[in-house]
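Please examine the sequence and the model together while reading the explanation that follows.

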Amino acid sequence: MNAEEITLGLSYDDVLLVPRKSSVESRAAVSTKSVLTKGIALNVPLISANMDTVTESPMAIAMAREGGMGIIHRFMRIEDEAAEVRKVKRAEAFVIENPYSVKKSDSISTAREIMREMGVSGLLVADKGNKLLGILSGRDIRFVTDGSKPVSSAMTPRSKLIVGSPKISLDEALHLLDKHRLEKLPLVDSKNKIHGLITSKDVHNRLRGSVKSAKDNLGRLLVGAAIGTKGDFTDRAVALSESGADVLVLDVAHGHTSSVISAIKAVKKELPSMPLVAGNVATRAGVDDLFAAGADVLKVGIGPGLACLTRTVAGAGVPQFTAVAECAEAAATFGTSIIADGGIRTSGDITKAMAAGSAAVMIGSMFAGTDESPGYFTVRDGVKYKTYRGMASFGANISRKKLDKSKINLSDAMGIVPEGVESTMPYRGRISEVVTQLAGGLRSGMSYCGAHTIEELRENARFVRLTQNASVESYRKLK
Ligand code: XMP
């Protein structure tokens, strides 16, 4: 070993972006849009970590609404993780899958009662086989005084209805609603069986609130889901894909291993067109091997996370800025991208990671302690807290063992060597507030670099390394 050959490793705090001449007039003129891989474009390049104190469906829904994406963690049963994915995909679905209906022989009083109880302004009229016979709207019965009359006496019959096919796209639905000035568009198959309902109110609400949301081509929120490399991981991958996950994240602490390479191949064989993120790696060689195995995007970061103990327990890791810059450069030779995972403490770190070539950053601790992170708040000295723990912490290890077997014994616990810590995070408010601050900081950083887009940020980026005094000058500020 020649000590002189040991290379330098830099962390985010060791560098700053050098400001340059900018034609960016306002931060609003900056686009933070970033393409992770084919079909996965984020409006804000932030991804919430697949950790059990960070991302379940509420976080993933909120992240996608803000233009980013959440990755549902895998430390639950396959059916539970699949259900979490479905909740995200349904959160802003413009199709009501099981619309309320009445029989044509039901009385108008019954229909009124259902509308009132369910808070809807109309009902489909269906036969026993769920075939569409008509629509009864609140307006149709507003002036009916005899509530014992049958629904059939007031409904608009099927022959006069405009309907859509079950596979209708958002654009086609909008076109029909607009052209025929419809309030409700039932979706039926070729046998006239009801498959759903689209209402103009839902569609317009969704379009209004969703300019910044990260969506799939059916207008549903984007969501990713994590898988491992052991046991039934391919069953999990298939179940998550069937539930509508847009991307799978094959995630283990040390991703540059033969078992991860085999797992990537196995998932790709089963689901060739499903985008697959794999990791974690921290070197050029790791990038080369995992892309060669078939991964579409790599997650980069060994030990930079706030709850990580890997570097102290194992003595292994690469400072995150160096790892991101080296791996992004290697990924670019494959025409693909990386996610900088862990170690983000400020919005400035996000700008640095994106300028160094990552397509998005993954965040754990800064998103913990929000309304949308899993778990309950505890209160200490008047301050609210939520738990945040590394997925290799003692507690997370025990939870994982409990999933595999109902009872765990002392020797199970004694064998654990934690590479993560369990702690608490003070309350941070809603995730939208956190993302607004982080995305605003990124936009500001881009404008200092004269960049209107993430691509320009990468092209324009010039970093300067800091001395110890420069670090003090840069980061030691009034509290
Ligand atoms: P931040 O800094 O955003 O990092 O909290 C989140 C990332 O940390 C990684 N992670 C771990 N790393 N031991 C580790 O060495 C752990 O127990 C652990 N848990 C999470 C993970 O990459 C996550 O996205």
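**Helix packing, barrel and an exposed residue**

In this predicted model, helix 9 (residues 284-293) packs with helix 11 (residues 320-333) at an angle of about 35°, and their axes are 8 Å apart. The crossing of these two helices is right-handed. Helix 9 contributes Arg284, Val287, Asp288 and Phe291 to the contact, while Glu326, Cys327, Glu329, Ala330 and Ala331 come from helix 11. By residue class, the contact of helix 9 with helix 11 comprises five nonpolar and four charged residues, with no polar ones.

The strands may be considered next. In general, strands of a sheet pair through backbone hydrogen bonds, in either a parallel or an antiparallel manner. Here, eight strands close into a barrel with parallel pairing, in the order 4-5-12-13-14-15-16-17. From one strand to the next, the twist averages 30°. Gly70 of strand 5 is the bridge partner of Ser48.

A further helix lies against the strands. Helix 12 (residues 347-355) lies across strand 4, strand 16 (337-341) and strand 17 (360-363), and runs at about 140° to strand 17.

Finally, one residue may be considered individually. Asp178 is located in helix 5 (residues 170-179). Is Asp178 buried or exposed? Its relative accessible area is 56%, which is over the 50% cut-off, and therefore Asp178 counts as exposed. The C-alpha atom of Asp178 is separated by 55 Å from that of Ser258, a residue 80 residues apart from Asp178 along the chain.

Notes:
Residues numbered from 1 in each chain as written. Predicted model: local features only at pLDDT ≥ 70, side-chain atom pairs only at ≥ 80, totals over all residues. Heavy atoms only, no water. Axes fitted to C-alpha atoms, helices over the stretch in contact; angles between N-to-C directions. Helix = DSSP H or I, 4+ residues; strand = E, 2+ residues; numbered from the N terminus. Left-handed = near helix turned anticlockwise from the far one by under 90°. Contact = heavy atoms within 4.5 Å. Nonpolar A, V, L, I, M, F, W, Y, C, P; charged D, E, K, R; others polar. Pairing = 2+ DSSP bridges. Buried < 20%, exposed > 50% of the residue type's maximum accessible area, 1.4 Å probe, protein only.
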